[in-house]
Amino acid sequence: MHIKRRRGWEIPEHLATPEAVFLSRRSLLGGAAGLVAASAFGRSAAQAEDALYPAKRNEAYTLDRAVTAERYSGDYNNFYEFGTSKTVLPAANALKTNPWTIKIDGLVEKPFEIGVEDLVRKTGLEERLYRHRCVEAWSMAVPWTGFPLAKLVALAKPTSGAKYVQFQTFMDKAVAPGQRQFFYPWPYVEGLTMAEANNDLAFMVTGIYGKPLPNQFGAPIRLAVPWKYGFKSAKSLVKVSFVAERPKTFWEGLQSSEYGFWANVNPAVPHPRWSQASERVLGTDQRVPTLIYNGYGEQVAGLYKGLEKERLFV
């Protein structure tokens, strides 16, 4: 797929102050006081979050297929913290996602913690249309809202010794029944190389379909790495660590013969138990050919030069 490179820094024009506010000095003062009071006391955190959506779409990221309708993608999710079925929405809604803090640590100049709302204020938001390919051979196309992972990397200021970025999801057995299963290596951990993390496509997601991210999609903040199988895109993140050694990821730790660290999409390399040559599109159930790197080879293939001996695909 060809991705056109265009400026992504444009911001929408601000609306002019309503004319009625300026009709008299008394109206101006009263209106200002009312706005301050509403801002301080009248709006909930959820309302403040909603005001960020929908974000401006970055037209450099386009699709070769229709966006999957929310009624299909919103009720078909892998989120093993809440069970092994696809209908995890009811269970996932038990997770309290506001307020939410994410920790940045490891090989950085100064470790810190930051609330998701504060992080978004520092990075800004944009919408991107991405394909998503599950290792189970189903796929969807969705409008993610978020910011480039590279912005978080820059904010963290990693030292020269950092070679990988490790992502860790929440751990709360009280609300996540899947985490009570002792045979899983909780908490969920994923990882990328620094080069992968700084690639333009790597995206931190806080919303979808022009709204804040629902719990079943990994609220309030998750990763999207569209050229890799979906299990690499960890959900409900609480910690991002910059490390020198390659992280042992969740599925690699559970079954390394089937799920490796790299997990790049390749139709020519089957999973040990099924073919990856085609995929089922959610909403239509149409079978379509799988694309190398999920169609993003032009942007990412260069990341893996010199790694021919690595097992780059599941």
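Strands, like helices, are DSSP runs numbered from the N terminus, a strand (E) having at least two residues and a helix (H or I) at least four. The model is predicted, so that local features need pLDDT of at least 70 and side-chain atom pairs count only at pLDDT 80 or more, while totals for chains, interfaces and linings use all residues. Residues are numbered from 1 along each chain as its sequence is written, and side-chain values use heavy atoms, with hydrogens and water left out.

**Exercise 1.** Locate Lys-235 and determine which side chain of opposite charge is nearest.

Solution. Lys-235 sits in the loop between strand E9 (222-224) and strand E10 (237-243). Lys-235 is buried (under 20% relative accessible area, with a 1.4 Å probe and protein chains only; exposed is over 50%, partly exposed in between). Lys and Arg count as positive, Asp and Glu as negative, with His and the chain ends not counted. The side chain of Lys-235 does, however, reach the backbone oxygen of Asn-78 at 2.7 Å.

**Exercise 2.** Describe the salt bridge between Arg-121 and Asp-118, and the accessibility of both residues.

Solution. The closest N and O atoms of Arg-121 and Asp-118 are 2.2 Å apart. Both residues belong to helix H5 (residues 116-123), where, being 3 residues apart, they are separated by about one helical turn. Arg-121 is exposed at 61% relative accessibility, whereas Asp-118, at 36%, is partly exposed.

Note on methods:
A salt bridge is a side-chain nitrogen of Lys or Arg within 4 Å of a carboxyl oxygen of Asp or Glu. A polar contact is a pair of N or O atoms within 3.5 Å; within protein, one must be able to donate a hydrogen and the other to accept it, and residues adjacent in sequence count only if both atoms are side-chain atoms.
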